[in-house]
Amino acid sequence: MEKTMPKNFLWGSASAAYQIEGAYNEDGKGLSNWDEFVKIPGKTYKETTGELAVDHYHRFKEDVALMAEMGLKTYRFSISWPRIFPEGKGEVNQAGLKFYEDLIDECLKHNVEPMVTLYHWDLPQALEAEYGGWESPQVVDDFVHYATYVFNAFKGKVNYWITINEQNIFTNFGWMNGMHPPGKFNEEKLYYQVNHHVFLAHAKTVLAFKEIMPEGKIGASFAYSPSYALDCKPINAMAKMDFDNLKNYWWMDVYAYGRYPRSAYTYLEKKGVAPVVTTEDASILKEAARLIDFMGVNYYQTSVVEYNPLDGVTQFAEMNTTGKKGSGQITGEPGVYKNPPNPYLATTDWDWTIDPSGLRFACKEITSRYDLPIVISENGLGAFDEKTGENEIHDDYRIAYLNAHIYELMKAVEEGSEVWAYCTWSFTDLLSWLNGYQKRYGFVYVDRDEEGGSLDRYKKDSYYWYQEVIRTNGATI
Ligand code: BGP
């Protein structure tokens, strides 16, 4: 590309506490819902747990040193709520706080801008036990209390904050298809009510944040899968619109406008599953929407949308968690839409569509619809990587994937989108929630599989490639 990214562009990489830290019960940390959930046989690939993960808790200095050497501008990581509040509220665990303080200081020492996610899916188990976690409106104030505590603790050090990671994914997996905690199946009304509680927690947190750090930047990270109608048959074009309202705008409109998309709300009301929204809720959501600074986007793939007859596919289908290509199934909402594969695009071994231009599409859609700056908080390729006898990892396929996505991102900027950051998923290899350790995403290989390993770190070819991208501010793309 002839052009480079704007000056001060944040080239980054991301992680999540549960997927890297380990030390699940050390130094006073409370248990999370994931620590409990993974004990249920069959829930994760080869029964993997985050008890040790890639031991980042004890090796964060080594990991940050690798970031510094690479020249990384920002590191997005999450704070484990039960590490700070073992009971979800009440007494603070100072040792847990210190871990994050040390991590942040280590980043700052190396000029790596910390970008902190407050909630990347690990809820204090104590709150799950006490009132069903996100199912109760009580969680809203407990979350805001936790967030406020953390804001005050890291004020002046951390400028970029993400409230909630992929609300659409963890609620769908938790209350619709039973694959994440609390493992509930087809509880659709509860699913929408839970989402409403999460929206309120996000919104009240944004309001609290602006009191504490008026100059700080805050937003939510949404797992955005832009959609293409299968063809110009009107019924498929309508299905695309309905898909967007139900699966995309349902979340992004609340973050950016503070209200639910009307046609989706009407549909869910008729179905008897729409959330209860009080006048007070509505005004809180509106106020927070005026204050958010960016739209966080985790981009992995696009969707094709086709009309789905009433007796058509449901969203309860087999997911590919093994890396055996073609084992995933088509999902959809009967009478509304389904998502067939895209015949023009290749897929990963886990059946995720590879669509670099979808990233440009996502940015342009957000720019047109919301006119907000964008933070790409995740994008990356999960693949089987091989370490050679010389401890090298030749992940040219990952380089090709990331290069093509960054190219499209730079195009989006050229075409008018304001993009502040691009974080790859992930910096080191880590534990995939449902896919074990074999689905690798990192620039840094971790000698770790489902059974164990030395946990030693090795730079992959993509590490050196990204180092050059950062050094040249994108000129090598
Ligand atoms: C996102 C999550 C991440 C990460 C990533 C890759 O949905 O925010 O935590 O896991 O997806 O997904 P997977 O591990 O399923 O391949």
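The model is predicted, with local features needing pLDDT of at least 70 and side-chain atom pairs counting only at pLDDT 80 or more, while totals for chains, interfaces and linings use all residues. Residues are numbered from 1 along each chain as its sequence is written, and side-chain values use heavy atoms, with hydrogens and water left out.

Next, display C107 together with C423. The closest cysteine sulfur to that of C423 is in C107, 12 Å away, which is too far for a bond. The whole structure contains 0 disulfides, a disulfide being a pair of cysteine sulfur atoms within 2.5 Å. Then move to C232, which is exposed, with a relative accessible area of 73%.

Now select the ligand. It is surrounded by 15 residues, the closest being Q19, E166, S432, K439 and Y441; a residue is near if one of its heavy atoms lies within 4 Å. By class, this shell has 6 nonpolar, 6 polar and 3 charged residues, where Ala, Val, Leu, Ile, Met, Phe, Trp, Tyr, Cys and Pro count as nonpolar, Asp, Glu, Lys and Arg as charged, and the others, Gly among them, as polar.

Show the side chains of Q19, S432 and K439 in turn. A polar side-chain atom of Q19 lies 2.7 Å from a ligand oxygen atom. For S432, the distance from a polar side-chain atom to an oxygen atom of the ligand is 2.6 Å, and for K439 the corresponding value is 2.6 Å.

Finally, select G42, M179, E318, M319 and T321, which lie nearest the centre of the second largest pocket among its 13 lining residues. By class, that lining has 7 nonpolar, 4 polar and 2 charged residues.

Definitions and conventions. Polar contact = N/O pair within 3.5 Å; in protein donor to acceptor, adjacent residues only side chain to side chain. 1 Å grid on protein atoms, 1.4 Å probe; cavity = no way out; pocket = protein on both sides within 12 Å on 5 of 7 lines; lining within 4 Å. Buried < 20%, exposed > 50% of the residue type's maximum accessible area, 1.4 Å probe, protein only.
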